[in-house]
Amino acid sequence: MELSRRSFIKASAVSLAVAAAGALAGCAPQGGAPGGVTAAKSGTFKSVCRFCGTGCGVICEVKNGRLASVLGDPDNASNKGLNCIKGLHLAKILYGEDRLTKPLVRDDATTKGTTGGLREATWEEALDLVADKLKTAWEADKKRIAFWGSGQQPITEGYALAKFWKAGLLSNNIDPNARLCMASAVVAFMNVFQTDEPPGSYSDLDEADVFVTWGANMAEAHPVLYSRLTARKIAGAGVQHFDITTLKTRTSASADKVLVFRPGTDLAIANAISNYLIQNDLYDKQFVADHVQFKVGAENIGHAYEDGYDGSDVGKTVNDVTPVDFEAFAARMSTYTLDYAAELSGVAAADIEELARLFADPDKRIMSLWTMGVNQHTRGTWMNHCIYNIHLLAGKICKPGSGPFSLTGQPTACGTAREVGLFAHRLPADLVVNNPQHRRYTEAVWDLPSGYLDAIQDPGFHTIRIFREMSKGNIDFLWTASNNWAASLPNLTRFLGKSPEYQGVFKTFIVVNEVYPTLSTQYADVVLPAAMWVEREGQFGNAERRTAVFEKAVDPPGEAKWDVWIFLQVARRVLDGTQIGGAPAFDHLFGFIWDKDKDDFSGDDREINRRLFEEYRIFSNPSLKPAAAAINSNEGGQFDAGLKMENKQLAPYDVYLEHNGLTWPVREVNGTWLPTTWRFADGSQAEGFDEVGIAAYGKKGLAGNISFYKSAGQKPSAVFRPYEAPAEQPDDQYPFWLCTGRLLEQWHTGSMTRRVPELDRALPEALLDMNPEDCQRLGIKDGDLVRVTSRHGQFEIKASTARRTEPGPGTCFAPFFVEENLVNLAVEDYYCPLSKEPDYKKTCVRIEKA
Amino acid sequence: MSVMARIVKVAAGFVAGWQVLELLGEGGFLLRPPGAASEADLLARCVRCGKCALACPYHVVKAAPSVMGEHAGTPCIEAREGACRLCEDFPCVAACPTGALRDIAERSDVRMGVAVIDRELCIALRGMRCEVCYRVCPLKDEAVTIKYSLREGDDRHAVFEPVIHSDACVGCGLCVERCVISDPAVAIRIEPAGASPHA
């Protein structure tokens, strides 16, 4: 009996386990029904994982109108059917027991910050209320409204929202949560290349000889991508991985060399490598002569301790740069000897030299990868610059296997937040509000009268400014979507009104589009239930410039609605009475997707997405609209130069439906749309090189067959950026560095993953990783509850010496996915002065047994 | 179904008492708190006073139910419901008045059992990025390490295989508690120390 029971289990084990987890390989997509108004009852649908920026392809299997399982897509080249355990359990994120299915209204603002106080309302009541509050605040003072968006809003949603807020409301007070993760990378991309996003792609992982992770725990935060890196290490002879970090992580565990540095001193390490190349005459001279211009920037720029920092004398200088010759650049860099960097950072000079020698080797292909350790940094933009400086001096960029690669943490931080222009200073496709030519171009695409967008020529409030102003009672209306600001923002003691001097959150009228109750809905005056992930059709753009469509697979539950529908219902009400060029503003902006008589979309999900995308695509395909084409080519000669908008060219919507995503620029060659794997590198477009872009705008025959055709003077900038100390340093009162971040099993604030029983089981609690010596000194045992206190606030959490991460003495780490241990109550809100991205990695704290 | 739930089912009275042990797991193994020298030694010394259970700060040490015959009232741990957390000061051992639990000075003295991975159920072996058992292990990089290999038929991905080292694994069961696979069975289990580390 025992034998037969066991053999039965063995026989059925694999198929059952895998089906239960949702990982049955070899299931070919069948297309299913197109993303219509009502989803098909059963079928399979192509999709993209909802979590990190890797962008794994998945297939949704629907049975009887319910998402039964989500399987890795074996046809997707970037994940080949694999997932991490978050992706494996995607189907369950839709079905938490407490999904929001009806609009909710709070009648009594004194109940904010509690789990009660919200009552059910009809859509009509909720929308009328939101529109009335927005319109009143907007008409009184445009500076007192704000929208906080997300790198999780699909592309067409972000695009429609940006158009509503920027062209409809003429407000720049809109910023995404990507400000908290990618802004430093964006500002550096624009400073160095004058175009956003990495020149290389994931394909570089397959060919590199050396990997350098800078402040990136890829093993946990980008699990499947790290599998690709690891495969290269196994398959390639002598492939090495250097992990440069402030504390050992699971990524360090498999690295060949781990360089643990004192927080903030990564700038000195990077500069020492650049200086080594220069001093030893080991930089790539031909590459530098052909491709690099040199600059020095403003220094001694202080920190954003005060709310008025941006407008202060020093705050106004942070973007200043001065062109210099190579000798002057080298002279500034010369301070950064190996010994000086070693003294500052605590890393052995010999270890820095070892890495510098690899960069000096012309035969080594080197890929730098970085995320939050570099970006969430009070000198985050500078640190991005320092990495580019090394790669530009070494000529290791835009070549297969060689390149600096900025990873992203959200599924469409690139595709939406960055590309459609959800930032306070941006317009779609890398355009910015304070450039007249960019405004004219945007007006041309949106059929606005010339000069119409001059009303938004000044950037609006960046994220921290929005919430600092709100905390002071200076924001009357705040709307958020696809984020959980009340858990993810830093300095929540201030922003959640837990400090007596900052009570604004209780006065601001707050609207939250959400799928589950979160800390943010506890502060909302109105909660609007939203469709989630594959409950509508959408598109993500991942870290390697890959735009991919995910199909609608199931209907949203209850009365939950697609965010675009919600935005347009409010826009229709608020813009009533506003005219653009003599026509009603709403009709002018959104008439192409809206049926006035039905007061609803004029097509199904697929059709609305297609129309929105086709309009958005004009930004990167100026030839589709003569007025845009004229400004792009500077036909009238009224601007300094053309815009080269095709550098980000996107394909027609229907082309994406036939592919597992395409990396832009996507070029039409003989009737076929071909992606670009390596931007600015000359070669066959069919093989992934930037043949069409270089033929149109670049030069041939330069070093490495590379042509940086989008950069000013066709040369990226190496900008000298010194080491300057972090905003806080450990002292007697606050002796520990607190670093926060993500772990593999849970994602961001846990609002989705904590509702998946398997993931909740796998990682049910947040722990403060501490060094055992520190614990012994403080009399803290593994598992003890401790109180963590900073200058900004405090939280309680259990201490751990189980080495999930391995902080050195004086350092500790906590993940931020658990609202019961709200680490952000204590995290500083000091930001990089250039990118305005706050530093979640270097708050100084003390730790006591609770 | 958890062991406890199965025991309850047994208690409902349709299986003979001798089958109880078989249902406990491979070979009738009961997971004991730290410090039990052997099953016979524990049965001889334990007076069923419950002090170890009371001392456990995580409330995972439970008294075996009355259907367990001679085991009834002795301390056991149902790892899937709540594993031993290997407290640094071992309050359960300290609380034992008879030495049924004894001789534990540090974690490496513990010998509750050894974890065994079911290679047919483990999704990490298929290339999925899981390795929950590795990351939760209080003795990670000693009791469990990751073996990296190329995924078969895929030159772009690696397999991150958790490997249990039976000499260092103490059998606390935290890997069993946290494993994401439960159907048709948990992909890792605790067996008596000395058993083969691979199924």
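Visitor: So a crossing is left-handed if the near helix is turned anticlockwise from the far one by less than a right angle, and right-handed if clockwise. Which is the crossing of α5(A) and α15(A)?

Guide: Right-handed. This is a predicted model: local features need pLDDT of at least 70, side-chain atom pairs 80 or more, while totals for chains, interfaces and linings use all residues. Residues are numbered from 1 along each chain as written, with chains lettered from A and ligands numbered from 1 in written order.

Visitor: At what angle do α5(A) and α15(A) pack?

Guide: About 50°, with the axes 8 Å apart (lines fitted to C-alpha atoms over the stretch in contact, angles 0 to 180 degrees between N-to-C directions). Helix α5(A) spans 183–193 and α15(A) 380–394 (DSSP runs, H or I, at least four residues; strands are E, at least two).

Visitor: Which residues meet there?

Guide: S184(A), A185(A), V187(A), A188(A), N191(A) and V192(A) from α5(A) meet G380(A), T381(A), N384(A), H385(A) and Y388(A) of α15(A) (C-beta atoms, placed from the backbone, within 7 Å).

Visitor: New topic: is β32(A) buried or exposed?

Guide: Mostly covered: 5 of its 5 residues, 811–815, are buried (20 or more other C-beta atoms within 10 Å). T811(A), F813(A) and P815(A) point one way, C812(A) and A814(A) the other.

Visitor: What pairs with β32(A)?

Guide: Strand β28(A) runs parallel to β32(A) over 5 bridges (pairing takes at least two DSSP bridges), with T740(A) partnering A814(A). Strand β29(A) is antiparallel over 2 bridges, and D769(A) stands opposite F813(A).

Key:
A residue is buried if 20 or more other C-beta atoms lie within 10 Å of its own, exposed if 12 or fewer, and partly exposed in between; C-beta atoms are placed from the backbone. Two residues are in contact if their C-beta atoms, placed from the backbone, lie within 7 Å.
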